[in-house]
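The exercises below are to be worked through with the structure in view. Each task is followed by a solution in steps.

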There are 2 protein chains.
Amino acid sequence: MEKCHIAIAGLGVVGAETARHLIEKQSILSEKAGTSLTLTAISARAKGKDRGFDMSGLTWCDNPVDLANLADVDVVVELMGGSEGPALALTKAALSAGKHVVTANKAMIALHGVELAQLAEEKGVQICFESSVAGGIPALKILREGLAANDISSVSGILNGTCNYILSEMEETGRPFDDVLKEAQELGYAEADPTFDVDGIDAAHKLTILDAIAYGNVPDFDKLSITGIRDVSAEDISFAAELGYRIRLIGRATSEGVACVEPVFLPEASALAKVTGPLNAVYYEASPVNTISATGPGAGAGPTASAVLADIIDVAAGRHSFAFGKPVALLSKATVSDEALVTSGYYLRLEVADEKGVLAAVTDILKSHDISVETLIQKIHEEDKSASLVMVLHETDQASMAAAALQLSSMSDVHSTSRAFTVLR
Amino acid sequence: MEKCHIAIAGLGVVGAETARHLIEKQSILSEKAGTSLTLTAISARAKGKDRGFDMSGLTWCDNPVDLANLADVDVVVELMGGSEGPALALTKAALSAGKHVVTANKAMIALHGVELAQLAEEKGVQICFESSVAGGIPALKILREGLAANDISSVSGILNGTCNYILSEMEETGRPFDDVLKEAQELGYAEADPTFDVDGIDAAHKLTILDAIAYGNVPDFDKLSITGIRDVSAEDISFAAELGYRIRLIGRATSEGVACVEPVFLPEASALAKVTGPLNAVYYEASPVNTISATGPGAGAGPTASAVLADIIDVAAGRHSFAFGKPVALLSKATVSDEALVTSGYYLRLEVADEKGVLAAVTDILKSHDISVETLIQKIHEEDKSASLVMVLHETDQASMAAAALQLSSMSDVHSTSRAFTVLR
């Protein structure tokens, strides 16, 4: 475009950082875009606040949706968050008014992405959301453009820095989940209400977007199987280490229709297992390229602003991509994998009575479901005559594993069972 | 563009793989590009050979340069290689004729990139070379577009898979360079004439391109300091391990003007040290994004074709990028770092006479250059009354290190010295 006028809605840390760069680095960013970039309008909850950049000369809107109707705006940057409400209203209004939209809003894209992409196509504008997945890593650009010619067999990754921080800390210190979560909240790594992060919802929003682009699907949040990390125990982390694994919250979508977010066992030598702390990492298995991985900060003002600004520059430079890699009309309905066909190894821990015959009964049940044991650790707890039976099981299908786990948990000698963790090799 | 007709010059493994994809996956690749992609013309040395795809219906040119003048061609894909000769002639002719060029030719871009980019700008077409750096990793797209808004403080990486394979093998087996090179040649990991790889030239071509894009410089191969891996000894690899380091051939360009390819010591826990075998990896340190890294196959038919096809799709989709991130007129002359200002830690091994006073004399010389020792290992070789003095030295500048190394090597009690390896933390 000849010149590019930009409005930002939402001036939290990401919005303020984005605005500051647009103002202070206007000339260099304009050079990169090949056209002049100018921040012209803003909207946020409180007008008076000092946000570290000069707001004079900018049009202020009390109601963010009003940004959509300013004549002097070509690109609306939505950084308010929330899948519905003002964010969705502004995005629809801006696209309808023929303005490009750049957003970091993973929930909105996961839940309303196809409708918004459709609207953008109708109006001949773009909706960009690079910053919504894996923060500063250009994870969507790599997939949609860099690997455009590939058949993707799987895309997987560590998509939530809070969970990775918590799991790394639990691993390093041996402390239980609740303890580490509390500390993460005090340090600002976790929200006061950590639900979206620790229950896997945030990672699932991101995986929905990756899955749609990787497989040309209509994004479908509801097809995902989602398990968070609340039930990952210090015991399982410790047994994982003993067995040569680490537990990571992995989002994984495959060409067979698997789309799940869950804590999984990864061999400690694998690339994703080595990612510690609040980082994100994305892993692409594809043909003809083979395996590509990218690692970086998944959140924070700087990394997120980096991706938001990259989207603004792409739009201003006229680099057009379809939101999900293809025109909406060509997207397919997401397929859901067949539980009976998806196989993997599993880890299972049973707390049992330390009685004769229990181990035999357990392996009999597994055998009746055609599941064989790869590794077994038995730890006797003398104090209460109980034992931990820890098993890594050979490749089996989800349905058999679920049936076997149910049957095992109903045995009278089994006091409790861990989750049947997927083991990826 | 409305439809995109493609010609390929050079049908070696990469050219044949690219052609095969364009033919067999025409419909899906066209969907991604938003326009129909058709391979229409080819050129190679020998016409008759079976290359695994159907050549009937394609225009054949004995002289590759003739592809530039076919009416039915919009994009010319140059996969012949060589910085001069037919590759350069074809590229110039194609751009002059107003055709886009996609090439994997790192040597040609490193040496003639600015002239070709200028010609492309004049003719309103693109010259794309994603596949020339780090093979299947979209390393240039990440830098030029994904991190467009960032100030890059350094870009570094493992840019030559052959060298990384050789160093990994030496590390694992303790065998000397010549042995491992010979085996790598037998396995097809190294060329019969390995000069370009093992002397660092190939990595330096790639680094020239990364440096130009990262810092908006005219690509300047001549400013690079280049050291290959021929002189990396089994002894130094073994001492590196003892000290907690690994030796990797690293290409590194910094905002201070450092642009060098050399074997360096990396802490074994660092991401680049963990990259083993024939992989490539690129590391971006940037603000505001912080650190982003990407890993993947740096060579081979599939990975290279993946990047070539991505460029073709970008061109066909009308996604325009300036070859070096900015219009040629805005590129600066590359700055060369001042040896006195660039500092790093160093590793140095001296083979000395096992005599009293040698160690004191050595440390005196280092002290006179203001260099202090961080770690010292002394290994006595009883058989010939000699000793290895192995030192990791604190941060010092290049000029002081060079002067000290020269003075040390001229001591009568010093039989030989290793290279002063840069130690990156």
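**Exercise 1.** How are H1(B) and H11(B) oriented to each other: parallel, perpendicular or oblique?

Solution. The model is a predicted one. Begin with the two axes: helix H1 (residues 13–24) of chain B and helix H11 (residues 301–316) of chain B have axes that come within 8 Å and cross at roughly 55°. Angles of 65 to 115 degrees would count as roughly perpendicular, and those under 35 degrees as roughly parallel. H1(B) and H11(B) are therefore oblique to each other. The crossing in which H1(B) passes H11(B) is right-handed. Next, list the residues that make the contact: H1(B) contributes Val13(B), Val14(B), Glu17(B), Thr18(B) and His21(B), while H11(B) contributes Ala301(B), Gly302(B), Thr304(B), Ala305(B), Val308(B) and Leu309(B). Sorted by kind, the residues of this contact are 6 nonpolar, 4 polar and 1 charged.

**Exercise 2.** In what order do the 6 strands of the open sheet in chain A lie?

Solution. The order is S3-S2-S1-S4-S5-S6 in chain A, with parallel pairing. At the edges are strand S3 (59–60) and strand S6 (127–128) of chain A, each of which pairs on one side only. Helix H2 (residues 26–33) of chain A packs on the sheet and touches strand S1 (3–9) and strand S2 (36–43) of chain A. The direction of H2 makes about 120° with that of S2(A). For one pair of strands, S4 (residues 75–78) and S5 (residues 100–103) of chain A, 4 bridges make the join. Val76(A) has Val101(A) in S5(A) as its bridge partner.

**Exercise 3.** Which rotation superposes chain A on chain B?

Solution. A rotation of 180° does so, with 0.0 Å of shift along its axis and an RMSD of 0.1 Å. The two copies are thus related as by a two-fold rotation axis. Both copies use the same surface, since 98% of the contact residues of chain A recur in chain B.

Technical notes
Residues numbered from 1 in each chain as written. Chains lettered and ligands numbered in written order. Predicted model: local features only at pLDDT ≥ 70, side-chain atom pairs only at ≥ 80, totals over all residues. Pairing = 2+ DSSP bridges. Helix = DSSP H or I, 4+ residues; strand = E, 2+ residues; numbered from the N terminus. Contact = placed C-beta atoms within 7 Å. Axes fitted to C-alpha atoms, helices over the stretch in contact; angles between N-to-C directions. Least-squares fit on C-alpha atoms with pLDDT ≥ 70 in both. Parallel < 35°, antiparallel > 145°, perpendicular 65-115°, else oblique. Left-handed = near helix turned anticlockwise from the far one by under 90°. Nonpolar A, V, L, I, M, F, W, Y, C, P; charged D, E, K, R; others polar.
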